[in-house]
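Hello,

Here is the structure I promised to pass on.

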Amino acid sequence: MSNTSVHTPSVSVLSDFKEITKMRLAISVVFSSVAGYFLGAEVVNFVAVLLLAIGGYCMVGASNAYNQIIERDLDVLMDRTKDRPIPAGRMSVNAAFIIASTLTIIGLIVLYIINPKTAMFGAISIFLYVSVYTPLKTRTPLSVFVGAFPGAIPFMLGWVAATDEFSIEPGTLFMIQFFWQFPHFWAIGWWLFDDYKKGGFFMLPTGKRDKGTAIQVILYTVWTILVSLIPVFGVTGRLFLTPYAGAIILVLGLGMLYYAFKLYKNRDAVSAKKLMFASVSYITLLQIVYVLDKFLREWI
């Protein structure tokens, strides 16, 4: 019993840190950044990869902590967020602010060590997420459009970290993840519509779970697939995809599109949840295919 009581506070603090920084989301963002790095690097520097992972986690964690400070009064109203550290009373606003500020400083310094451009894009990402996207969530569905910009930076950020350049290659990676944001977040907005409504968040393009929103989900899914296949045609500089890899991406995209059409047909929360999981699978597997395709071409 004494051992349990001794360890409980530290376990609770670690759990709250993971929640205030949204650890799973932060790790997925780090994954995107590292994938972008491997695509851009001619020679992999694993110290740079480690710095990118640390800096990326810090920046995403800081953004999420600031977000939870700003939305603490709204988080109390929603079932999915009412047990977060601040609304549940386990963490003070001051403590959360110290965590967010510390992570911001560490993140910027670590990314700057890689190169200044990487730190600049990291700073832009956190500014847009906290200062523009977060306030707009309760005002307009256009918040998803604004949020798509910081959300699309990580994949691109890795390439910039590897090359210290911003050109057509990282621009293409940015566009892939930019268009992907829309069906992904609209699926979440549809699935959790009632809960978001309690907090006054406007996530769906029409403001309703209707045919118009479902059609836009399909259209942006198509755009995501098309943009993802552009590197097959050899027009994106060093970022190239073989026809074989392109075929895999197309199949993955058609799988995501299938669930988008299912949402249009059924227009229910279950279909939206399935589309959300399909979208996460798509972007994760796409990044893996891109990286494997590059290294297999170099090895064979």
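**Salt bridges**

R297 and D293 pair up in a salt bridge, with their closest N and O atoms 3.3 Å apart. Bear in mind that this is a predicted model. Both residues sit in helix α12 (residues 269-299), four residues apart, so about one helical turn separates them. R297 is partly exposed, at 33% relative accessible area. D293 is buried, at 9%.

D83 is partly exposed, with a relative accessible area of 49%. R90 is partly exposed too, at 36%.

In total, the search of the whole structure turned up 11 salt bridges. One of them links the side chains of K137 and E71, at 3.0 Å from N to O. Where do K137 and E71 lie? K137 is in the loop between α6 (116-136) and α7 (143-163). E71 is in the loop between α3 (46-70) and α4 (72-75). The pair therefore ties together parts that are 66 residues apart in sequence.

Are K137 and E71 buried or exposed? Buried means under 20% relative accessible area. K137 has 7%, so K137 counts as buried. E71 has 4%, so E71 is buried as well.

Best wishes

Conventions. Residues numbered from 1 in each chain as written. Predicted model: local features only at pLDDT ≥ 70, side-chain atom pairs only at ≥ 80, totals over all residues. Heavy atoms only, no water. Salt bridge = Lys/Arg side-chain N within 4 Å of Asp/Glu carboxyl O. Helix = DSSP H or I, 4+ residues; strand = E, 2+ residues; numbered from the N terminus. Buried < 20%, exposed > 50% of the residue type's maximum accessible area, 1.4 Å probe, protein only.
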